[in-house]
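Colleague: I am new to reading models. Could we go through one together, feature by feature?

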Amino acid sequence: MISEILLMNGYGLYVWSAFLFTLISFASLYFVVKTQYVKERNKFIAKFGALNSERASLAETQSMNKEILSSTSNI
Amino acid sequence: MFKYFEPNKIFSITSKAPNYVLLLFFIVLSIGLFEALVFSPEDYKQGDSVRIMYVHVPSAWISLGIFSLITFLSIVGYIFKIKNFFLISKSLAPSGFIFNIIALVTGSIWGRPTWGTWWAWDARITSMLILALFYLLYLLAWRIFNDKDKVFKATLIITVLGIINVPIIKYSVDWWNTLHQPASINIFTKSSIDISMLFPLMIMTAAFALFSLLIFLMKYNTELIKIKNKGLDRL
């Protein structure tokens, strides 16, 4: 059964390489985009931390800034 | 109506959504892979090589769909001056490009056992390659131009020119003699594909659509945070 799925009557190499290429492309794109996201978020947190109290409270009035800081997304 | 497309309103949804989309993607992809690689039957002519269809066809569909959507958003965004539509388009482009590349590479792999060649300059394959070049130009435009107005204009021109190629891709198999078979799935007429193959194809399409949604959400959130980073600099 397993060898049938792996060999696929001689087409296994083509079928598995097509699926593997697809999954590797998915994983690569996911990690590239995730790295960019984490980098920008960390930059934001660092910049926000460097603000003095007056500017920080001004920045906190914007709902999106608060959401970025409290973002629970683990992507 | 367009006030609902303001980044502040959208971010409250897009920042929470990726985790759920990722989970759903894994579930649908697992079912799709089992259906495509194990349960679906082999083709009476192509044998097991037909299974490549389950990654090749959804990739081609989604890359065409995303390019059409990018063009629509760019035109509407330019006419009504909605900058956020350009941001949405920019966030959609990476997954569209990757799906285009996957369609080309898996098509090439499928071509070897079916046609006896990795590549042929036939109308369908060549027009898909041209679409990949338009995607590449679009992505490069965002890197090259720093001025917002210039990048909006450049990406609009690229998408409007590129969209001419989309119906050519769709009808190339009808207009010219190509190695590609005519479409097996038709919305308005009866499809020639059997339900036992259509079902896994639809599941894989759903999985790929979820993946492009996931990438879009992550990229869009990144772009919004980038804008907010610039906003903090100006405080």
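Modeller: Start with contact: two residues are in contact if their C-beta atoms, placed from the backbone, lie within 7 Å. Here, 38 residues of chain A are in contact with 39 residues of chain B. This is a predicted model: local features need pLDDT of at least 70, side-chain atom pairs count only at pLDDT 80 or more, and totals for chains, interfaces and linings use all residues. Residues are numbered from 1 along each chain as its sequence is written, while chains are lettered from A and ligands numbered from 1 in the order in which they are written.

Colleague: How many helices and strands does chain A have?

Modeller: Helices (H or I, at least four residues) and strands (E, at least two) are DSSP runs, numbered from the N terminus. Chain A has four helices and zero strands. Along the sequence, its pattern reads α-α-α-α.

Colleague: Now the core. Which residues touch the most other members of the largest nonpolar core?

Modeller: In soluble globular proteins, nonpolar side chains tend to be buried together. A residue is buried if 20 or more other C-beta atoms lie within 10 Å of its own, exposed if 12 or fewer, and partly exposed in between. A nonpolar core is a set of buried Ala, Val, Leu, Ile, Met, Phe, Trp, Tyr and Cys residues joined through C-beta atoms within 7 Å. The largest one has 65 residues, and Ile52(B) and Met204(B) touch the most other members. H8(B) gives the most to this core, with 15 residues. Leaving out residues up to four places away in sequence, Met204(B) touches Gly32(B), Ala36(B), Tyr54(B), Val55(B) and Pro58(B).

Colleague: At what angle do H4(B) and H5(B) pack?

Modeller: Two packed helices are described by the angle between their axes and the distance between the axes. Axes are lines fitted to C-alpha atoms, for helices over the stretch in contact, and angles run from 0 to 180 degrees between N-to-C directions. H4(B) and H5(B) pack at about 150 degrees, with axes 10 Å apart. Therefore H4(B) is roughly antiparallel (angle over 145 degrees) to H5(B).

Notes: Parallel < 35°, antiparallel > 145°, perpendicular 65-115°, else oblique.
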